[in-house]
Amino acid sequence: MKDGFGRTIDYIRISVTDRCNLRCVYCMPETGVTPLEHGDILSYEEILRICGILAELGVTKVKLTGGEPLIRKNLSYLVAGLKNISGIQKVTLTTNGVLLADQLPELMAAGLDAVNISIDTLDEGKYHQVTRCGHRNDVLRGLEAALFYKELPVKINCVPVFSDNKNLLEMAGLAKDHPVHVRFIEMMPIGLGRNYDFLSENAIKAVLEDVYGPLVPCKETLGNGPCHYYTVDGFLGKIGFISAISHKFCHQCNRVRLSAEGYLKTCLQYDTGSDLRALMRSGGDDRALLELIERTILEKPASHHFNEGPEGGDEDRRMYQIGG
Ligand code: SAM
Ligand code: SF4
């Protein structure tokens, strides 16, 4: 369907849990996190019900995220259920990769279409500094497992933090040596991300071009979202940038988000949206659910205002509660 500004909404990011096995400094506090009670998060059946209605409204692509989605038991059941919904064409996953090697076979059997693996640095010490408790090699094992499936598109997400040129070059080097797209994401001033500066696309590009040669813009559109890609001579994969700050892309936003507790959220920066769980658990039928979803999408804000500073109605949730 189209939102109030004529943008086609065909993509939903679903957070299946607010729990995580890492504590990335820009996303989640180290201590003092009270996870949602199990009864407060949507069951898989509730998620499937919502997605059936979203598919009727024209949503074709679902991204599973979190917290860390692989923490939630039996995620492959949800993947298979989503793949069974008429109209849903792609079910993909964003993960920190720590548990991926073990779970990928069953996710593939369930029909997973693509995976994004988040790793901000290849340096073990820095990786530990960013994630506070993670081990880079666990993620690399996940990446290796993903590369084993030649038919599985693999993307790497990197939010440069505590980063230097060596780090950027090593991250980009993954796309040189492997058929993966490496995407550099500008730090967004959401939650704990407000405590960190972003490294701009232009700054990263300059570092990469100095060593790897020109980054040539891709002519064809790749992927479902705001990432724009470049080819580099001799690289097996592409280099992408998600530059919410320096290259605002709200005019082509195609997505909504569903939080683990069932809040349909229409913009990363604002807390606008609707409580679908409340409607479902108070006996709302599918018609009522569809109407609420439609109304909510119609009220999707025009854009974020990251560059203008705080305004009323800003999101208080942190990124691990939203799903990125
Ligand atoms: N745990 C999974 C992961 O790390 O991929 C899924 C959830 S995580 C919130 C999704 C993505 O959001 C990750 O790639 C993460 O780096 C990114 N992210 C978290 N906080 C961010 C921020 N303030 N600005 C930009 N990206 C952020
Ligand atoms: Fe966990 Fe992902 Fe947030 Fe890191 S970015 S703390 S892995 S939810």
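I began with Thr95, where a polar backbone atom sits 3.5 Å from an oxygen atom of ligand 1; I count a polar contact as a pair of N or O atoms within 3.5 Å, and within protein I also ask that one be able to donate a hydrogen and the other to accept it, with residues adjacent in sequence counting only if both atoms are side-chain atoms. I then looked up the side chains, and found an N or O atom of Tyr26 at 3.1 Å from an oxygen atom of ligand 1, and a polar side-chain atom of Ser118 at 2.6 Å from an oxygen atom of ligand 1. The protein buries 94% of the 550 Å² that ligand 1 exposes when taken alone, with accessible areas from the Shrake-Rupley method with a 1.4 Å probe, where for residues only the protein chains shown count as cover.

I note here that the model is predicted, that local features need pLDDT of at least 70 and side-chain atom pairs count only at pLDDT 80 or more, while totals for chains, interfaces and linings use all residues. Residues are numbered from 1 along each chain as its sequence is written, chains are lettered from A and ligands numbered from 1 in the order in which they are written, and side-chain values use heavy atoms, with hydrogens and water left out.

Next I listed the shells, taking a residue as near a molecule or strand if one of its heavy atoms lies within 4 Å of it. Ligand 1 is surrounded by 20 residues, of which Gly67, Thr94, Ser118, Met188 and Met319 are the closest. I sorted that shell into seven nonpolar, 11 polar and two charged residues, where Ala, Val, Leu, Ile, Met, Phe, Trp, Tyr, Cys and Pro count as nonpolar, Asp, Glu, Lys and Arg as charged, and the others, Gly among them, as polar. Around ligand 2 I found Cys20, Leu22, Cys24, Cys27, Met28, Gly67 and Asn96, a shell with five nonpolar residues, two polar and no charged.

Thr94 counts as buried because its relative accessibility is 11%, the classes being buried under 20% relative accessible area, exposed over 50% and partly exposed in between (1.4 Å probe, protein chains only). Beyond its neighbours within four places in sequence, Thr94 is in contact (heavy atoms within 4.5 Å) with residues including Arg13, Lys63, Asn116, Ser118 and Asn157.

Setting aside neighbours within four places in sequence, I found Leu22 in contact with Met28, Asn96, Val98, Tyr127, Thr131, Cys133 and Gly134.

Finally I looked at the whole protein, which has 10 helices and 12 strands, and in which 57% of the 324 residues count as buried. Among contacts with a separation of 6 or more, residues 24 or more positions apart account for 72%. The accessible surface comes to about 13900 Å², with 51% of it belonging to carbon and sulfur atoms.

How values were computed. Helices (H or I, at least four residues) and strands (E, at least two) are DSSP runs, numbered from the N terminus.
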